[in-house]
Amino acid sequence: MKAFRTGLPALLAAGLATGALAQGLVPPAAPARPKPAAAPQPAPDPAFEAARTAFEALPEAERRGLQDALVWTGDYNGVTTGAFGKRSFEGIQTYQTRTGAAPTGLLTPPERAALKREAEEARRAARFKVQPDPASGVMVGVPEALLPKKSAIPGGTRWQSADGRVTLDTKSFPQGETSLDALFERAIAAMPGRKVTYKLKKPDFIVITAETAGGRSYIRYAEGPQGIRGFTLGYDRALADTVDRLVIAVANNFSPFPEDAPARTAPTAATGPTPRTPASGLAAAPAAPPLPGVQGEARPVATGLLLGGGRVLTAASALESCTAPRIGGAAARIERRDAAGSLALLSAEGLAGGAPPLLRAEPVSEGEALLVLGAQAKGRPSVAPASAAVEGVYAPLQPGAAGAPVLDRSGRLVGLVARFPTAPRLIAGVMPPTRYAVVPGKVVAAFLSESGLPAGAGKDAAKDAGKDLAKGAATTLGGAAAPVLDAVVAITCAR
């Protein structure tokens, strides 16, 4: 216990201190290749479909309220978006099994009422209060029964348990004082006795979790016009059974810029949470991303690399179930695939910019620091820290990451993410670090060459890039990603 108390300031400081193709047609002599058959899709689960239909028939406020209630009963550890997926289905089944009901995954009206009552009792016992924090400007949920001690800290507020084993800090930085890159790099920096267990970097927010021998921490920061705001929660790992669910509740109710969000009232057992716009600091993602249509903010089914001349390179796996891909709102045409069915070359009208990537000639070593750029529905691509794994990459990616470029810390292309699972396993709404297969750079180079396209800038440029890396020219995620960000595009699907 003494070791944890000694290490907690370091855990908190890690999160709170400042300073994060031209032509691509098949050569005339080559015969047209038949399109690979689509992978067989699993048959729908009638029980899941029935539960989903019943759940989605409920008002949004009710759906969010049920997910929030399942968090408080300890049966669900995801974000309260109101969307029904595998994890919501399993959470309901867990609740039903625990209470002696048949695990159908479909809540009857009496079960919904009983669930809300149990959740309200847990919420009241914790004295969980969603409140504004004038010192940092955030809206945050605080379990005041656990954290009765409140004090001011620079740029925020500290809530702490009576014995000091649990601490919740809010923190804000004015615009220009620091950056998400700087905070992220500091939070994931190696420290004796501390292991980073999860890390996610998006253009407008970061999430990091870490452990020591005696404690755990959860760090979240978001960036907006008003600056950077966030919170850190550190706690004794012996209290994990109690505090883990509170971490989820705090994260689900956290709003870094409440002045930009619609007003909302506190949830009650009768109504559940009122609808709200997810704050930019929430790492929300659906449990099973459907192939979207073209209306609204279509979620990417794949990430593409713009190569110039209106051509885009991506992983062929992402297009197995998509017969009508779109890029930037325009219909795209699949020009060719490689013989192994791992890469696809698309073209679309009106795509400007892009150039053949600088490919890394030498292989990466296991454990080497890398990064992955994933397209988003709108805004800049996400930049995920990664490490080289055997024939792949280990990274926290989100749906739509198939085809995402994998770069080394000098910005050279190592390969493309080969495939993203159709039913990813999310934890608290975000994807934990997972091993993904990668289409290696040498395969990319061969495919570009077969397509009549230049395969990178040559050995001399690669050698120069390696020298720059040795000098520390692009050692941060942002620095390595910057030259490639504008070439990363989202591929959506019209059905």
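The following exercises, each with a worked solution, concern a predicted model.

**Exercise 1. The setting of Ser 347**

Task: State where Ser 347 lies in the secondary structure, decide whether Ser 347 is buried or exposed, and find the side chain with which its own side chain makes a polar contact.

Solution: 
1. Ser 347 belongs to strand β14, which covers residues 343-348.
2. The relative accessibility of Ser 347 is 12%. Buried means under 20%, so Ser 347 counts as buried.
3. Leaving aside residues up to four places away in sequence, Ser 347 touches Gly 310, Arg 311, Ala 331, Ala 332, Arg 333 and Glu 335.
4. With Glu 335 there is a polar contact between the two side chains, at 3.0 Å.

**Exercise 2. The barrel**

Task: Give the order in which six strands close into a barrel, then name the helix that packs on the sheet.

Solution: 
1. The order is β15-β16-β17-β20-β19-β18, with antiparallel pairing.
2. On average, neighbouring strands of this sheet are turned by 40 degrees against each other, direction ignored.
3. Helix α8 (residues 441-450) packs on the sheet and touches β19 (413-417) and β20 (434-440). The direction of α8 makes about 35 degrees with that of β20.
4. Ala 389 has Gly 392 in β17 as its bridge partner.

**Exercise 3. Salt bridges between a helix and another element**

Solution: 
1. Glu 118 is in helix α5 (residues 109-126) and Arg 98 in helix α4 (residues 86-98), 20 residues apart, and the pair links distant parts of the chain.
2. Glu 118 has a relative accessible area of 25%, so it is partly exposed; Arg 98, at 41%, is partly exposed.
3. Asp 244 is partly exposed at 28%, and Arg 216 is partly exposed at 21%.

**Exercise 4. A salt-bridge network**

Task: Which residues are joined with Arg 360 into one network?

Solution: 
1. Arg 360 forms a salt bridge with Glu 368, with 2.7 Å between the closest N and O atoms.
2. Both Arg 360 and Glu 368 are buried.
3. Through salt bridges that share partners, Arg 360, Glu 362, Glu 368, Asp 408 and Arg 412 form one network.

Methods
Residues numbered from 1 in each chain as written. Predicted model: local features only at pLDDT ≥ 70, side-chain atom pairs only at ≥ 80, totals over all residues. Heavy atoms only, no water. Helix = DSSP H or I, 4+ residues; strand = E, 2+ residues; numbered from the N terminus. Buried < 20%, exposed > 50% of the residue type's maximum accessible area, 1.4 Å probe, protein only. Polar contact = N/O pair within 3.5 Å; in protein donor to acceptor, adjacent residues only side chain to side chain. Contact = heavy atoms within 4.5 Å. Pairing = 2+ DSSP bridges. Axes fitted to C-alpha atoms, helices over the stretch in contact; angles between N-to-C directions. Salt bridge = Lys/Arg side-chain N within 4 Å of Asp/Glu carboxyl O.
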